[in-house]
Amino acid sequence: SYTSKEYLKIHKNFPTQISENYQNGIIKSQSIEQLLGYEAIFAKNIYSFFATQNNIQFKRDTSNNSDKINQIVTQGNYLCYGIASSVLWILGISSSFPFTHGHTRRGGLIFDLADIIKPSIVLLNAEIALKNNLTQSEYRNLIIQNFDEAKIFSLLANFIIKEVLCM
């Protein structure tokens, strides 16, 4: 069985340069709009890396239900939104609290929190799912297993407590 840990050994540079460029963009941002722009560039670069590594044509399209790659990524994203929502609920924080996405969509804090984990969890496991022809159930279980192994719930909760609530 192909695991995320094996993937990380193979792709040692993932997503180092992409992440560094994004971090520099965050530092340079002077407004929410600029920050969201850098996030869009980051996401586009991550998806491009994913497509290149898998030698596939891939464009993120949430309206394309017949495209297996987009189905896999969408399912993974929803799992990330679910764990982010659970963390906020446990901490007693409204998901509609606006941060970056709160200005553009309802429940924005969920999207902000999920964005911390989506690139490393969803796309790494999407590649595993594609290479091993996993069913949706097997893919979901793989992501949940990675949530557990990486202690994602604790990671997100601690991030909110330390960085957002400044405790």
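Biologist: What pattern does the protein chain follow, read along the sequence?
Modeller: The pattern is α-α-α-α-α-α-α. In total there are 7 helices and 0 strands. Keep in mind that this is a predicted model.

Biologist: Thanks! How much of the protein chain is buried?
Modeller: Of its 167 residues, 41% are buried. The protein chain exposes about 9900 Å², and carbon and sulfur atoms supply 54% of that area.

Biologist: And what share of the contacts with a separation of 6 or more comes from residues 24 or more positions apart?
Modeller: Those pairs account for 64% of such contacts.

Biologist: Can you show me an example? Where is leucine 123?
Modeller: Leucine 123 sits in helix α5. Leucine 123 counts as buried because its relative accessible area is 4%, under the 20% cut-off.

Biologist: Which residues does leucine 123 touch?
Modeller: Leaving out residues up to four places away in sequence, leucine 123 touches Ile46, Tyr47, Phe50, Val73 and Lys118. As for distance, leucine 123 and asparagine 77 are 46 residues apart in sequence, with their C-alpha atoms 9.4 Å apart in space.

Biologist: New topic: how many salt bridges are there in the whole structure?
Modeller: The search finds 2 salt bridges. One joins aspartate 115 to lysine 118, with the closest N and O atoms 3.2 Å apart. Another brings together the side chains of lysine 131 and glutamate 127, at 3.3 Å from N to O.

Biologist: Where do aspartate 115 and lysine 118 lie?
Modeller: Both are in helix α5, which runs over residues 108–132, and they are 3 residues apart, about one turn of the helix. Lysine 131 and glutamate 127 are in helix α5 too, 4 residues apart, again about one turn.

Biologist: Why does that spacing matter for which way residues point?
Modeller: An α-helix has 3.6 residues a turn, so residues three or four places apart point the same way.

Biologist: Are aspartate 115 and lysine 118 buried or exposed?
Modeller: Aspartate 115 and lysine 118 are both buried. In the other pair, glutamate 127 counts as buried because its relative accessibility is 1%, whereas lysine 131, at 48%, counts as partly exposed.

Biologist: Let's move to α7. What span should its 13 residues have?
Modeller: At 1.5 Å a residue, α7 should span 18 Å, and its end C-alpha atoms are 17 Å apart, which agrees.

Biologist: Which residues of α7 are buried?
Modeller: In α7, Ile152, Leu156, Ala157 and Ile160 are buried. They cover an arc of only 135° around the axis, so they are on the same side of α7.

Biologist: What do the buried residues of α7 pack against?
Modeller: They pack against α4 (68–91), α5 and α6 (136–149).

Biologist: Last topic, the surface. Which residues form the nonpolar patch?
Modeller: The patch is formed by Ile116, Leu155, Phe159, Val164 and Leu165, with about 370 Å² of accessible area together. Helix α7, residues 152–164, gives the most to the patch, with 3 residues.

Biologist: Where does leucine 165 lie?
Modeller: Leucine 165 is in the segment after α7. Leucine 165 is partly exposed because its relative accessible area is 37%, which is between the cut-offs of 20% and 50%.

Note on methods. Residues are numbered from 1 along each chain as its sequence is written. This is a predicted model: local features need pLDDT of at least 70, side-chain atom pairs count only at pLDDT 80 or more; totals for chains, interfaces and linings use all residues. Side-chain values use heavy atoms; hydrogens and water are left out. Patches are made of residues with over 30% relative accessible area and no salt bridge: like charges are joined within 9 Å, nonpolar side chains (Val, Leu, Ile, Met, Phe, Trp, Tyr) within 5 Å. Accessible areas come from the Shrake-Rupley method with a 1.4 Å probe; for residues, only the protein chains shown count as cover. A salt bridge is a side-chain nitrogen of Lys or Arg within 4 Å of a carboxyl oxygen of Asp or Glu. Helices (H or I, at least four residues) and strands (E, at least two) are DSSP runs, numbered from the N terminus. Buried means under 20% relative accessible area, exposed over 50%, partly exposed in between (1.4 Å probe, protein chains only). The expected span of a helix is 1.5 Å times one less than its number of residues. The arc is that of the directions from the helix axis to the C-beta atoms. Contact means heavy atoms within 4.5 Å.
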